[in-house]
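Open the model in your viewer and keep the selection panel at hand. This tour goes stop by stop.

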Amino acid sequence: MSITPVVRLQSVSKIYGSGEAQVIALDNVSVDFAPREFTAIIGPSGCGKSTMLHTLAGLDHVTSGSVTVDGVALDSLNDNALTELRRDRIGFIFQSFNLVPTLDAQANILLPLRLAGQKADNQWFQSIVKILGLEKRLTHRPHELSGGQQQRVAVARALISRPAVLVADEPTGNLDSQASREVLGLLHSAVKELNQSVIMVTHDLTCAEAADRVLVMRDGHIVEDMRHPQAEALQEALR
Ligand code: ADP
């Protein structure tokens, strides 16, 4: 039995500008992302990683082709429905954490539900907090937390609505190596223990090594699709 992908790109192209200024950021890309898998996307600067992440997360429209998230074709949605799908089905984690400074950790984690007028599932909240090791930090505001702890809160916030997929854009970009390892370990736990799916863009090969699957991009194409690669194999693929 084939597994239904949580995200599917079919012949997706994204072209910026026109005429001489035209840039083909994604060139006819087709790829499936399986549920309960941690995928990293790597490649040289300008190869299309961010464009891929933005299009698959419904933050940017494709020029041609189709994107399906959790069984829903994004081009079938109007702007409101797309906003709702992003809010309910996609968890975002950014390099800069993007926490609200005036709210404590617990309020930051629960914010997406509050904004959506939804109630938290207390059991889910407790299990996220436990797995992310945030039990003793819930009353702290962001400025009272280390970078690694702030990113943990951001991961918890991304998980609170039980999204279909977690999308992470350079999630360790602002962290030292110890905190990076911790956050990667937590993304791994989200996949293994909470049955989540993670798609992460990174330029850091050590981070990519933590993933189950690594897509290597070049010039708007996926040029390698690797399972549990070692850093040397990734270095080779980027040569
Ligand atoms: P990466 O994330 O791998 O560095 P990007 O997806 O950001 O690559 O960019 C891919 C290509 O698309 C680059 O050539 C970049 O300059 C171009 N690009 C990205 N966003 C825009 C935009 N908003 N307008 C014009 N060109 C863009």
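The stops below go from the ligand to the sheet, and then to a hairpin.

**Stop 1: the ligand shell.** Keep in mind that this is a predicted model. Select the ligand and show what surrounds it: Tyr16, Val23, Ala25, Pro44, Ser45, Gly46, Cys47, Gly48, Lys49, Ser50 and Thr51. Colour that shell by residue class. Five residues are nonpolar, five are polar and one is charged.

**Stop 2: polar side chains at the ligand.** Show the side chains of Lys49, Ser50 and Thr51. A polar side-chain atom of Lys49 sits 2.9 Å from an oxygen atom of the ligand. For Ser50, the distance from a side-chain N or O atom to a ligand oxygen is 2.6 Å. Thr51 also places a polar side-chain atom 2.6 Å from an oxygen of the ligand. On its own the ligand has 560 Å² of accessible area, and the protein covers 58% of it.

**Stop 3: the elements behind the shell.** Which elements give two or more residues to the shell? Select β2 (23-33) and α1 (49-56). The top contributor is α1, with three residues.

**Stop 4: the open sheet.** Switch to cartoon. Six strands line up as β6-β7-β8-β3-β9-β10, in an open sheet with mixed pairing. Find the edges: β6 (90-94) and β10 (221-227) have a single partner strand each, so one side of each lacks a neighbour in the sheet. From one strand to the next, the twist averages 20°.

Zoom in on β9 (213-218) and β10. These strands run antiparallel and are joined by six bridges. Pick Arg213 and look for its bridge partner in β10, which is Arg227.

**Stop 5: helices on the sheet.** Go back to α1. This helix packs on the sheet and touches β3 (38-42), β6, β7 (165-169), β8 (198-201), β9 and β10. The direction of α1 makes about 150° with that of β7. Next, select α8 (231-238). Helix α8 lies across β3, β9 and β10, at about 20° to β9.

Stop 6: Select β1 (7-16) together with β2. Seven bridges pair them in the antiparallel sense. What stands opposite Arg8 in β2? Asp32 does. Then move to the turn. Six residues lie between the two strands, and Gly17 takes a positive phi near 70°.

Notes
Residues numbered from 1 in each chain as written. Predicted model: local features only at pLDDT ≥ 70, side-chain atom pairs only at ≥ 80, totals over all residues. Heavy atoms only, no water. Near = heavy atom within 4 Å. Polar contact = N/O pair within 3.5 Å; in protein donor to acceptor, adjacent residues only side chain to side chain. Areas by Shrake-Rupley, 256 points an atom, 1.4 Å probe, with all protein chains shown as cover. Helix = DSSP H or I, 4+ residues; strand = E, 2+ residues; numbered from the N terminus. Nonpolar A, V, L, I, M, F, W, Y, C, P; charged D, E, K, R; others polar. Pairing = 2+ DSSP bridges. Axes fitted to C-alpha atoms, helices over the stretch in contact; angles between N-to-C directions. Contact = heavy atoms within 4.5 Å.
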